[in-house]
Amino acid sequence: MAIDFTLSPDVEDVRNRVRRFMDEEVRPTEEKLRQNESDRNAYISAIVGLRQRAQDLGLWNPHLPAEWKGMGLGPVAMAFVSAEAGRTGMGPYIINAQAPDEGNMHTLLHAANPEQQEKYLRPLAEGRSRSCFAMTEPEVSGSDPTLIQTRAEKDGDDWVINGHKWFISGAKGARFAILIACTDPDADPPQARNSAFLVDLPQPGWEIVRDIDTMAGMGNHCEIRVTNLRVPNSAMLGERGHGHLLGQYRLGPARLAHCMRWIGNAEVALEMMVDRALNRYTHGSLLADKQAIQWMISESVLEMYAAKLMVMHAAYLIENGLPFKHEVAMAKYHVANTLWRTVDRAVQVHGALGYSTDTPLERLLRNARSARLVDGADEVHLQTIARNTIGWYKEEGNTRKATGDLL
Ligand SMILES: Cc1cc2nc3c(=O)[nH]c(=O)nc-3n(C[C@H](O)[C@H](O)[C@H](O)COP(=O)(O)OP(=O)(O)OC[C@H]3O[C@@H](n4cnc5c(N)ncnc54)[C@H](O)[C@@H]3O)c2cc1C
């Protein structure tokens, strides 16, 4: 198998253009806004201006094909774009590739019919609307979607939906939701119980109970009460009983997109760690000269290098239509934990300053904790990896396939 790590000139060009835009325009604006966080008008006008600028520079919708106002990049090129955008807080939103909209756009491209695409994907792609994806429920384990209790019942040509959701990112201000509900409670296998619905928002049957206050503050992760919500049969996204499949389809590339942004976050923390080590003097030398600090730097670098290779390999598999779920599970677990450990080490090297709110590290740390929960908790990915490994070992008597089928 040929392994070529050089980037094609067009990917290199896109990466450089995104990097320049983030460095020269997005990050300086972000820093200016941070100094006066209460000025909501300045914030909105800066965002509107930067999103227009991204469109003018041709750095809009990197993940969508040209007919949807996109750059038509595949997962490999997207890895570079998302990692560059992830080095800033608002970068992904500025180029219209933020969660959960990016995953929803992929889902609509894949599963929506032409009318649904025109109604829901078009405004998303043009940056005129936002969306949310509503699956998780407080009463049952989100790790096992076959347990979903939100119920959609047929009433003539309509569906009437009742249930309870939470941690629905982006729900406040969303113009529509992709809502997963149980339509066929007796289906066998249980993975065929759920269907997906496109729900116009706001509407009376959809009540935002609260924006959940998380350890990273109120991030628009909402609790939703769904009461006698009526939608026409035409609101079903994909086929009846395909809600689980659709979730799986969405989560593969969406998980990887998260990983790419997290690599950007982790790299910022690593650079801060090195910079602080080069500038802090104690006990006769710089921190950078102390072996204990060098090991923290080295461990972070090694984990990050492995993280990048894993993401690149998984992106390559998706791009080439090859089986990717095992590699995405490994990348998701590894990158989420690399982010957590790297930011924690950076806090350590900064001492009390790292614990203060004077640097971006505390915000990065509080946000990083959710990476080990969202899009599959650590243990669920470890379970998948072990199950695949044991299965392949039984079939083939070795673990080669489980370790990326590379060497
Ligand atoms: C910031 C944030 C944003 C989110 N955004 C969305 C969103 O937009 N839409 C949406 O639908 N959901 C969203 N979620 C919910 C997220 O997808 C769920 O939290 C996740 O799927 C886990 O479900 P749960 O919280 O119910 O945990 P549970 O399923 O109850 O699991 C709890 C813990 O049990 C352990 N566990 C679970 N399964 C196993 C197993 N098989 N073996 C061993 N241990 C196990 C793990 O340690 C896990 O952390 C979001 C969550 C967060 C924190």
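Trainee: Which residues of α3 meet α8 in this one?
Mentor: On the α3 side they are P75, V76 and A79, and they meet V311, M312, A315, Y316, I318 and E319 in α8. Keep in mind that this is a predicted model.

Trainee: Got it. What kinds of residues are in that contact, by class?
Mentor: The contact of α3 with α8 has eight nonpolar residues, no polar ones and one charged one.

Trainee: And at what angle do the axes of those two helices cross?
Mentor: Helix α3 (residues 75-85) and helix α8 (residues 291-319) cross at roughly 145°, and their axes come within 7 Å.

Trainee: Switching to α5 and α6, how do their axes cross?
Mentor: The axes of α5 (residues 101-111) and α6 (residues 114-125) cross at roughly 150° and come within 10 Å. That angle is why α5 counts as roughly antiparallel to α6.

Trainee: Left-handed or right-handed, that crossing?
Mentor: The crossing of α5 and α6 is left-handed. From α5, the contact uses D101, N104, M105, L108 and L109, while α6 brings Q116, Q117, Y120, L121, L124 and A125. By class, the residues of this contact are seven nonpolar, three polar and one charged.

Trainee: Zooming out, what domains is the chain divided into?
Mentor: There is domain 1 (9-98), domain 2 (131-237) and domain 3 (245-403).

Trainee: How far apart are the C-alpha centres of domain 2 and domain 3?
Mentor: Those centres lie 30 Å apart. Domain 2 gives eight residues to the contact, and domain 3 gives eight residues.

Trainee: And what classes are on the domain 2 side?
Mentor: Where domain 2 touches domain 3, its residues are seven nonpolar, one polar and no charged.

Note on methods:
Residues numbered from 1 in each chain as written. Predicted model: local features only at pLDDT ≥ 70, side-chain atom pairs only at ≥ 80, totals over all residues. Axes fitted to C-alpha atoms, helices over the stretch in contact; angles between N-to-C directions. Helix = DSSP H or I, 4+ residues; strand = E, 2+ residues; numbered from the N terminus. Contact = placed C-beta atoms within 7 Å. Nonpolar A, V, L, I, M, F, W, Y, C, P; charged D, E, K, R; others polar. Domains from an automatic or database assignment. Parallel < 35°, antiparallel > 145°, perpendicular 65-115°, else oblique. Left-handed = near helix turned anticlockwise from the far one by under 90°.
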